[in-house]
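Welcome! Please take a first look at the sequence and the 3D view below, and keep both at hand while you read.

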Amino acid sequence: MSTAILGVGRLGTALTKLFNRSGMEVWLATSSGVESTRAAARRHHLDARAVSLDEALAAETIFLALPFLKIADVGGMRSDWTATTIVDCTNAFLLPNRDEVLRGRLSSDLVAGHFPGAELVKAFNQLPAPVLEHVPAPEWGGRVVFVASNSAAASARIARLGGDLGFSAIEVGRLDEGGVLIQAQNALVLRNLFDAGIA
Amino acid sequence: MTISIIGTATVGMTLARLFARAGVKAGIANTRGPSWIDLDRQVADAITPVDLREALEADIVIAAVPFAAMEALGRSVQDWGGRIVVDVTNAFGVDAQVFGGRSSSEHNADFFKGAAFVKAMNHLPYNVFETAIAGPDGRRAVFVSGDDAEANEKVSGVARDLGFAPIDLGHLSIGGDLLRVGGPLLMKNLVEYPF
């Protein structure tokens with residue numbers, strides 16, 4: 001299953017490192033072109049295949065690790081996104097004109113609107129990049145990440161992927177139900193939670 | 001703000017110990033009466049056996065009774081007068097069809113007319129609430145859900161006083177669903193650490 005990460009900012013690099021740690025292959029792309037992406041990967045010691053944006057957009061699973069306001073441009077590059085799972089790692093919370101942009105809608109709904117036909121999963125938006133990368137102590141249990149989607153199948157897939165990346169993924173359901181709790185800055189966002197399990 | 005625990009089986013007695021350990025006072029009652037309630041001396045420092053009638057008048061009433069007893073408990077008071085009732089039950093073995101698409105918490109809430117109904121502390125076997133935390137400054141997460149934001153905050157405050165990390169899931173239509181039997185938060189022993 002081909003997976004691409006869009007963006008080599010803090011989140012993109014953190015996600016790539018998690019893939020590297022788990023020995024899972026991943027493609028990396030930015031809007032600045034392959035050479036620029038390759039240079040960024042070298043700079044951050046990332047083991048990823050730098051690809052063009054076009055090639056990345058053909059991946060089966062695409063992680064959106066770029067600024068919220070750049071999403072529209074990416075979505076506009078294709079008219080039909082069926083057979084793609086979009087993992088929305090973005091937050092609109094810190095936009096200075098957030099209320100104007102969202103107008104009462106969920107940020108994930110806006111993102112979904114730019115990828116018609118895609119299965120959209122909201123995940124990996126709840127914690128700062130350095131925290132996502134950090135494993136404090138194995139005896140604490142797996143770091144909790146919450147996953148929301150209107151597609152049960154896509155949610156299960158990304159939850160499983162989260163597990164493969166070393167997390168304890170908890171699926172909270174539809175974007176407009178449990179998913180509301182993982183929109184910044186609602187109750188499940190910025191919580192340093194670990195699943196200690198039940199012995 | 002007075003707190004009472006209704007029920008002296010495993011859940012009620014575990015709550016009593018948690019309260020006592022944290023130095024938070026509460027009354028405790030069951031249907032048999034206060035003279036039948038036997039508390040360890042340490043627990044008795046914080047917990048007082050009282051008549052059921054008195055317990056039902058507390059500002060926060062924790063219903064530590066079996067799920068099947070919730071309807072009778074709710075109906076035993078004609079109007080709960082805005083008092084907070086905390087539902088710690090789980091509808092194990094109950095066909096969800098009984099709830100007509102709602103969660104068991106929303107179903108139970110209907111029996112407590114006039115109460116600010118809050119679902120909390122139902123998501124783990126009660127022995128787990130007392131198990132050790134692996135790392136420093138860790139607090140076990142306790143989920144709180146209800147349609148009255150102020151009541152949720154008050155119950156969250158009690159949970160915090162007891163040493164837990166409360167997570168307010170908001171309305172029962174969402175939180176009650178996440179906390180249902182078979183739901184994603186049930187049996188999740190989550191511990192929160194400072195960043």
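The sections that follow visit a strand in each chain and then a cavity.

## Before you start

This is a predicted model, in which local features need pLDDT of at least 70, side-chain atom pairs count only at pLDDT 80 or more, and totals for chains, interfaces and linings use all residues. Residues are numbered from 1 along each chain as its sequence is written, chains are lettered from A and ligands numbered from 1 in the order in which they are written, and side-chain values use heavy atoms, with hydrogens and water left out.

## Strand 1 of chain A

Let us begin with strand 1 of chain A, residues 3-6. Strands (E, at least two residues) and helices (H or I, at least four) are DSSP runs, numbered from the N terminus. In a regular strand, side chains alternate between the two faces of the sheet. Here A:Thr3 and A:Ile5 lie on one side and A:Ala4 and A:Leu6 on the other, and all are buried, meaning under 20% relative accessible area with a 1.4 Å probe and protein chains only.

Strand 1 of chain A runs parallel to strand 4 (residues 61-64) of chain A, joined by four bridges; two strands pair if DSSP finds at least two bridges between them. A:Ile5 has A:Phe63 as its bridge partner there. Three bridges link strand 1 of chain A, again in the parallel sense, to strand 2 (residues 27-29) of chain A, where A:Ala29 is the partner of A:Leu6.

## Strand 4 of chain B

In chain B, strand 4 covers residues 60-63. B:Ile60 and B:Ile62 point one way, B:Val61 and B:Ala63 the other, and all are buried. Which strands pair with strand 4 of chain B? Strand 1 (residues 3-6) of chain B is joined to it by four parallel bridges, and strand 5 (residues 84-87) of chain B also pairs with it in parallel over four bridges.

## The cavity

A search of the whole structure finds one cavity of 30 Å³ or more. A cavity is a set of points, on a 1 Å grid over the protein atoms alone, where a 1.4 Å probe fits but cannot get out; lining residues have an atom within 4 Å of a point. The largest cavity holds about 130 Å³ of space. Among its 14 lining residues, B:Ile62, B:Val86, B:Met121, B:Val155 and B:Val158 are the closest to its centre.

Helix 6 (149-161) of chain B is one of the elements that supply at least two lining residues, and its three residues are the largest share.

Terms used: Buried means under 20% relative accessible area, exposed over 50%, partly exposed in between (1.4 Å probe, protein chains only). On a 1 Å grid over the protein atoms alone, a cavity is a set of points where a 1.4 Å probe fits but cannot get out, and a pocket is an open set with protein on both sides within 12 Å along at least five of seven lines; lining residues have an atom within 4 Å of a point. Grid points are joined across faces, edges and corners, and a volume is the space filled by probe spheres set on the points.
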